[in-house]
Amino acid sequence: MAAHFLCNLPPTIKIHQSSSTTKRNHPQKTWLAGARIILKNSTLSLQSSYLKPYQSKRRTIAATVLSSLPTATPYGIGSAPKWSCRAIKSFAMAELEARKLKYPNTGTEALLMGILIEGTSEAAKFLRANGVTLFKVREETVKLLGKGDMYFFSPEHPPLTEAAQRAIDKAIDQKLKSGDSGEITTCNLLLGIWSEVDSAGHKIMAALGFNDDKAKELESLISRPGFVAD
């Protein structure tokens, strides 16, 4: 009987939609819910209580990529100092480390850890060769500054301390004075940290055996013709 009913259905099927909008040249996919079939006067009518437009579950992801480190010196458009990719990554790791330690600011100690976390730059290699490792720096940081409040939530980008900002600016000055037109590197940043003698980063490096002679050795190394720092 069911087969006989289906065979005798009219060829035209009308679909009534209570609320739906269709834009020209931009069709929307819809799905039916609460639909019911009504047979009236030999006409099959499909009515839906509501129609919902198809919505994609994909979300747009926006990402911000740093092209330079923050500096206190204003530069014109196109004249801002260029940092190497490893230096930028080291700075991003420094911010992350400050957040992990629940510190409200990114200090010179965080910049130092950022260089070591990135790990592939000449500055990181020089530090490890002279006994300055990430584990030791973290240990000395906690000894010097203490642990952050476990209930404190650091901002996404912890602001720089005054010493950290000066270290970055000195890294820029050191690069500009050298006459080299290349990118500012992690080696310049490391020397900037060391130049801040009252900063946590300098004190931690000194506690781990870094001294002025090693700073001069690094400065001499990066000033050699043909030496490529990163």
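The following dialogue explains how to read several features of this predicted model.

Biologist: How many helices and strands are there in the chain?

Modeller: One begins by listing the elements and then reads their order. The chain has 9 helices and 5 strands. Along the sequence they follow the pattern α-β-β-β-β-β-α-α-α-α-α-α-α-α.

Biologist: What share of the contacts between residues at least 6 apart in sequence join residues at least 24 apart?

Modeller: Such a share relates the contacts to the order of the sequence. In this chain the value is 67%.

Biologist: Which residues touch the most other members of the largest nonpolar core?

Modeller: The general idea comes before the case. In soluble globular proteins, nonpolar side chains tend to be buried together. Here the largest nonpolar core holds 37 residues, and Trp83 and Leu127 are the ones that touch the most other members. Two or more residues of this core come from each of α2 (85-100), α3 (108-118), α4 (122-129), α6 (162-178), α7 (186-195), α8 (200-207) and α9 (212-222).

Biologist: Is Leu127 buried or exposed?

Modeller: The test is the relative accessible area, and buried means under 20%. Leu127, a residue of helix α4, counts as buried because its relative accessibility is 0%. Apart from neighbours within four places in sequence, Leu127 is in contact with Leu112, Ile115, Leu116, Val132, Leu190, Met205 and Phe210. Leu112 is 15 residues away along the chain, and its C-alpha atom is separated from that of Leu127 by 9.7 Å.

Biologist: Where is Glu140, and is this residue buried or exposed?

Modeller: Glu140 is located in helix α5 (residues 134-145). Its relative accessible area is 18%, so Glu140 is buried. Beyond its neighbours within four places in sequence, Glu140 contacts Ile204, Ala207 and Leu208.

Biologist: Which residues lie nearest the centre of the largest pocket?

Modeller: A pocket is read through its space and its lining. The largest pocket contains about 300 Å³ of space. Its lining has 18 residues, and Lys175, Asp180, Ile222, Phe227 and Ala229 lie nearest the centre. Helix α6 gives the most to this lining, with 4 residues.

Note on methods: Residues numbered from 1 in each chain as written. Predicted model: local features only at pLDDT ≥ 70, side-chain atom pairs only at ≥ 80, totals over all residues. Heavy atoms only, no water. Core = buried A, V, L, I, M, F, W, Y, C linked by side-chain atoms within 4.5 Å. Buried < 20%, exposed > 50% of the residue type's maximum accessible area, 1.4 Å probe, protein only. Contact = heavy atoms within 4.5 Å. 1 Å grid on protein atoms, 1.4 Å probe; cavity = no way out; pocket = protein on both sides within 12 Å on 5 of 7 lines; lining within 4 Å. Points joined across faces, edges and corners; volume = space filled by probe spheres on them.
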